[in-house]
Amino acid sequence: MDFSTQLDDLQQRAAEAKTSAQAAVSESGDQLRQRIDQAKVEVDHKATDARQDARAVADDARGKWAQLRADTAAKLDDFDAKLDRRADQLDAKLAASQADGAEADAADAIDFAAWTVDNARLAVLDAIDARVSADELAQTAGS
């Protein structure tokens, strides 16, 4: 399994999210809302392609992170248990099957990370929009 390509894609998505947030700071409210709408469309499209684990994650960010931590802890517990069992196992077929499962888990984790980066981008853009709106209201109220 080629994790390098998946991690390169994740790095590129993070860079695009950063660039988008940096550009959004100097945009007008209409431009920012248009950027947010486009980001929402992209996130929605990617969400439909996400694996079952990503779709099962709770709707709110805290729930997502809590679920991720719980899943990670469970996977680490499974990993530790598998390591203990592997010391006693000599069956090459079983070892290959476990490697396939570990690769699938890693691919799922990378997919979830990509999905999380996309949602972080959307959250950053929403936060910038909220600040721009608050600043505009403050200027209007001060006039």
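Predicted model: local features only at pLDDT ≥ 70, side-chain atom pairs only at ≥ 80, totals over all residues.

I began with D118, which counts as buried because its relative accessibility is 7%; buried means under 20% relative accessible area and exposed over 50%, with partly exposed in between (1.4 Å probe, protein chains only). Residues are numbered from 1 along each chain as its sequence is written, and side-chain values use heavy atoms, with hydrogens and water left out.

I placed D118 in helix 5; helices here are DSSP runs of H or I, at least four residues, numbered from the N terminus. Leaving out residues up to four places away in sequence, I found D118 touching R13, V43 and K46 (contact means heavy atoms within 4.5 Å). D118 and R13 are 105 residues apart along the chain, yet I read 7.3 Å between their C-alpha atoms.

R13 took me to helix 1, where L10, R13, A17, S20, A21 and A24 are buried. Down the axis of helix 1, these buried residues fall within an arc of 95° (taken from the directions from the helix axis to the C-beta atoms), so they line one face. On the other side I noted Q11, K18 and Q22 as exposed.

Last, I checked the largest nonpolar core, whose 9 residues include A21, A24, L32 and L122; such a core is a set of buried Ala, Val, Leu, Ile, Met, Phe, Trp, Tyr and Cys residues joined through side-chain atoms within 4.5 Å. Helix 5 gives the most to this core, with 4 residues.

How values were computed:
Helix = DSSP H or I, 4+ residues; strand = E, 2+ residues; numbered from the N terminus.
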